[in-house]
Amino acid sequence: MKKQIIYKIHRSLIMACLFIIFGVSGCAGFNPKAVEEAPREDIILAMKIKAKLIEIEELKAAAIHVEVTNGWVVISGFVDTRSQRQLAASIAQQVANVKQVDNQIKVK
């Protein structure tokens, strides 16, 4: 019973973070026309990858941007260590329907 409650709280926090992140990205050069032009599958895949990145506490997923085009993923942004950079790419690669990951993340 406790595990279910913790899981629901954890999931709610992840969803809240996603909404905040995508809401903040709207303030930082969000292009609604680009979303309209992107296939729905790419948008869903980008959101799945971002959700997986948010689940990893050692990554500051808010500083990682995810773009998807026909299953080809570009991740960019900043992390603190090389291992975090590699971890982000590994997580993105493990998501279903990802064809290739271009890791453009910079280490601070």
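**Exercise 1. Find out in which sense E2 and E3 pair, and over how many bridges.**

Step 1: Start with the rule for pairing: two strands pair if DSSP finds at least two bridges between them. Strands (E, at least two residues) and helices (H or I, at least four) are DSSP runs, numbered from the N terminus.

Step 2: Apply the rule. E2 and E3 pair in the parallel sense, over 8 bridges. In this pairing region, look for Ile75, which stands opposite Asn103 in E3. As background, strands of a sheet pair through backbone hydrogen bonds, either parallel or antiparallel.

A word on the model: it is predicted, so local features need pLDDT of at least 70 and side-chain atom pairs count only at pLDDT 80 or more, while totals for chains, interfaces and linings use all residues. Residues are numbered from 1 along each chain as its sequence is written, and side-chain values use heavy atoms, with hydrogens and water left out.

**Exercise 2. Work out the order of the strands in the sheet, and say which of them stand at the edges.**

Step 1: Read the order. The 3 strands form an open sheet, E1-E2-E3, with mixed pairing.

Step 2: Look for strands with a single partner. E1 and strand E3 (100-107) each have just one partner strand and stand at the edges, so one side of each is left without a neighbour in the sheet.

Step 3: H3 lies across E1 and E2, running at about 150 degrees to E1. H4 lies across E1, E2 and E3, at about 160 degrees to E3. These angles run from 0 to 180 degrees between N-to-C directions, with axes as lines fitted to C-alpha atoms, for helices over the stretch in contact.

**Exercise 3. Decide whether Ala88 and Trp72 are buried, partly exposed or exposed.**

Step 1: Recall the cut-offs: buried means under 20% relative accessible area, exposed over 50%, and partly exposed in between (1.4 Å probe, protein chains only).

Step 2: Take Ala88, in helix H4. Ala88 is buried, because its relative accessible area is 0%. Leaving aside neighbours within four places in sequence, Ala88 is in contact (heavy atoms within 4.5 Å) with Leu53, Leu59, Ile64, Ile75 and Ile105.

Step 3: Take Trp72, in strand E2. Its relative accessible area is 46%, so Trp72 is partly exposed. Leaving aside neighbours within four places in sequence, Trp72 is in contact with Glu67, Lys99 and Gln100.

**Exercise 4. Find the partner of Asp80 in a salt bridge, then name the residues that line the largest cavity.**

Step 1: Use the rule: a salt bridge is a side-chain nitrogen of Lys or Arg within 4 Å of a carboxyl oxygen of Asp or Glu. The count comes to 1 salt bridge.

Step 2: Name the pair. Asp80 bridges to Lys60, with the closest N and O atoms 2.8 Å apart. Asp80 is in the loop between strand E2 (72-79) and helix H4 (82-94), while Lys60 is in the loop between helix H3 (40-55) and strand E1 (64-69), 20 residues apart.

Step 3: Asp80 is partly exposed, at 35%, whereas Lys60 is exposed, at 52%.

Step 4: List the lining. The largest cavity is lined by Lys60, Ala63, Phe78, Val79, Asp80, Gln84 and Lys108. Here a cavity is a set of points on a 1 Å grid over the protein atoms alone where a 1.4 Å probe fits but cannot get out, and lining residues have an atom within 4 Å of a point.

Key: On a 1 Å grid over the protein atoms alone, a cavity is a set of points where a 1.4 Å probe fits but cannot get out, and a pocket is an open set with protein on both sides within 12 Å along at least five of seven lines; lining residues have an atom within 4 Å of a point.
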